[in-house]
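Visitor: I am new to protein structures. Please show me how to read some features of this one.

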Amino acid sequence: MTLGTLLAGCVVVGIAWAASRVLRGSLRSVAQRRAAFSSSTLYTIERLIHYVVLIVGVFVALSVIGIDLSKLALVASALSVGIGFGLQAIFSNFVSGLIILVERSLKVGDYVQLESGVVGVVAEITVRATIITTLENAEVIVPNSEFVNGKVTNWTHTNNYCRMRIPFGVAYGTNKERMRDVVLDAIKELPQTLLDFPGRAPTVIMKAFGDSSLDFELLVWVKPEYAAQQSGTRSAFLWAIDSALVAAGIVVPFPQRDLHIVSGLHHGSGPTSGADPSFSATPD
């Protein structure tokens, strides 16, 4: 091993890195001319090409430097047990990242919710971790193994259409058919609502007889561009429903409670004579 061979090895690694960039650039050029390549498919192929080219470049560089790969394999096997315990988590995340890229259970741009409570859009899938951008624009770095071993809700796995449930209530005695028409007419005016799609029309269902209201739920499909904006979209639907009900004169009730007060007790002997033992007060 000499200084020249070390420099030659570094040059080989640099050439491999440059070759990876050229191949990925060529792939992007081809994908732009063919509609068959989606952005997620292109990203997966790019990452796999990058990893394969770099691994081949590293092995070639070691051979150029003068390291006998067969002897290196013996040394690696001798150290594999100790390294395995020390790098178990890193290796697990690396393998999980490859599984995610090959299996495509998770793609860049997917709107996901993790078992740990993290909710956001997948921004990047790296060797060790996946970067998720939350609705507050915070970037959360999640180990890849959490996606493989844990429960993940992918709202946009097969398609970007998402149905939302918007609960609301109206006063007892309300004309239910009129209320339904008012709500549906209101949300159809919103840009988030998916219309003219077979089998996915918005609808209102009745959920229960509540303590102080008839409880309903709006089931509405939203357009793909709003699937990852659930907080703002939910707010828009609630705002439109409340405004439409108020304009139509339909009452949205609030909880009511009966208050009973017992007065005039004498040493546990009951109410005094002539005293009203109780009364009920109900707010307007």
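Visitor: Is Phe197 buried, partly exposed or exposed, and why?

Guide: Buried means under 20% relative accessible area, exposed over 50%, and partly exposed in between, with a 1.4 Å probe and protein chains only. Phe197 counts as partly exposed because its relative accessibility is 30%. Tyr161 is partly exposed too, at 27%.

Guide: A word on the source. This is a predicted model, where local features need pLDDT of at least 70, side-chain atom pairs count only at pLDDT 80 or more, and totals for chains, interfaces and linings use all residues. Residues are numbered from 1 along each chain as its sequence is written, and side-chain values use heavy atoms, leaving out hydrogens and water.

Visitor: How many aromatic pairs does a search of the whole structure find?

Guide: Rings of Phe, Tyr and Trp (its six-membered ring) pair if their centres lie within 6.5 Å; planes under 30 degrees apart are stacked, over 60 edge-to-face, the rest tilted. The search finds 3 pairs. One of them joins Tyr161 and Phe197: it is tilted, with 5.1 Å centre to centre and 55 degrees between the planes. The two residues are 36 apart in the chain. Tyr161 sits in the loop between strand 5 (152–154) and strand 6 (162–170), and Phe197 in the loop between helix 6 (176–188) and strand 7 (203–209). Helices (H or I, at least four residues) and strands (E, at least two) are DSSP runs, numbered from the N terminus.

Visitor: Why is the pair of Phe168 and Phe216 stacked?

Guide: The ring planes of Phe168 and Phe216 are at 20 degrees, with centres 6.0 Å apart, so the pair is stacked. Phe168 is in strand 6 and Phe216 in strand 8 (residues 214–222), 48 residues apart. Both are buried.

Visitor: Which residues touch the most other members of the largest nonpolar core?

Guide: A nonpolar core is a set of buried Ala, Val, Leu, Ile, Met, Phe, Trp, Tyr and Cys residues joined through side-chain atoms within 4.5 Å. The largest has 25 residues, and Phe168, Leu218 and Leu245 touch the most other members. Strand 6, helix 6, strand 8 and helix 7 (230–247) each supply at least two residues. Helix 6 gives the most, with 6.

Visitor: What is phi of Asp196?

Guide: Most residues other than glycine have a negative phi. Phi of Asp196 is near 55 degrees, a positive value. Asp196 lies in the loop between helix 6 and strand 7. Asp196 counts as exposed, at 84% relative accessibility.
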